[in-house]
Amino acid sequence: MRIVYEDEIIQLPEKVFPWIADPEKAMKWQKNVKSGEIIKNDQGIIGTVFKEVIEEDGNTLEMRGTISKYKKDQIIGFHIESKIHIFDVSYILEGKGNKTKFTIEAIIHWKFPMNVISIFIREKIVEKLKKQLELEVKDLKSFCSDS
């Protein structure tokens, strides 16, 4: 399953990027991330391994991730695994004058039994994820305008 979300933030990429790349800042606008910790960081930024706990609708999910892409103020990508899915997500920033074109691209592979369930409720999953991204980016815009 592929999800793409694009928006525009009225701020320069170098002002937006820290809100994505810094885990403490990212948790402020990614409200379902309840905790996170760096597990291994001995290869520089790319290759950093981390753990996050996500909470949604009263349920928690532990995920383990690795930073897979990084170019300061331009892109950060993650490879993340949990008991229900494996996904790769990239946050891409492009400067456009005094604005930033902000793109989130995610490729999600569901594990059994969610892979079977997703066949029947794919549209609802996509709709819910896009709505969540829209709300999160709205908060991100707010934080970026305050900085």
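Q: Which residues of helix 4 are buried?

A: Two ideas are needed here. Helices (H or I, at least four residues) and strands (E, at least two) are DSSP runs, numbered from the N terminus. Buried means under 20% relative accessible area, exposed over 50%, and partly exposed in between, with a 1.4 Å probe and protein chains only. In helix 4, the buried residues are S118, I125, V126, L133, E136, V137, L140 and C144. An α-helix has 3.6 residues a turn, so residues three or four places apart point the same way.

Q: What should I know about the source of these values?

A: The model is predicted: local features need pLDDT of at least 70, side-chain atom pairs count only at pLDDT 80 or more, and totals for chains, interfaces and linings use all residues. Residues are numbered from 1 along each chain as its sequence is written, and side-chain values use heavy atoms, with hydrogens and water left out.

Q: What covers the buried residues of helix 4?

A: Cover is read from contacts, where contact means heavy atoms within 4.5 Å. The covering elements include strand 1 (2–9), helix 1 (13–16), helix 2 (18–21), helix 3 (23–29) and strand 7 (99–110). L140, a residue of helix 4, counts as buried because its relative accessibility is 0%. Leaving aside neighbours within four places in sequence, L140 is in contact with I9, V16, W19, W29 and F102. L140 and Q30 are 110 residues apart in sequence, yet their C-alpha atoms are 8.4 Å apart in space.

Q: How many residues does helix 4 have, and how far apart are its end C-alpha atoms?

A: The expected span of a helix is 1.5 Å times one less than its number of residues. Helix 4 (residues 114–146) has 33 residues, and a straight helix would reach 48 Å, but its end C-alpha atoms are only 39 Å apart. A bend at a residue is the angle between axes fitted to the seven residues ending there and the seven starting there. Helix 4 has a kink of about 85 degrees, centred on I121.

Q: Which residues form a nonpolar patch on the surface?

A: Patches are made of residues with over 30% relative accessible area and no salt bridge; like charges are joined within 9 Å, and nonpolar side chains (Val, Leu, Ile, Met, Phe, Trp, Tyr) within 5 Å. Accessible areas come from the Shrake-Rupley method with a 1.4 Å probe, and for residues only the protein chains shown count as cover. Here F112, V116, I117, I119, F120 and I121 form such a patch, with about 650 Å² of accessible area together. I117 belongs to helix 4 and is partly exposed, with a relative accessible area of 39%.

Q: How many salt bridges are there?

A: A salt bridge is a side-chain nitrogen of Lys or Arg within 4 Å of a carboxyl oxygen of Asp or Glu. By this rule there are ten. In one of them, the side chains of E8 and K99 meet at 3.6 Å, N to O. E8 lies in strand 1 and K99 in strand 7, so this pair ties together parts 91 residues apart in sequence. Another joins K31 and D139, whose closest N and O atoms are 3.2 Å apart. K31 lies in the loop between helix 3 and strand 2 (33–40) and D139 in helix 4, so the pair ties together parts 108 residues apart in sequence.
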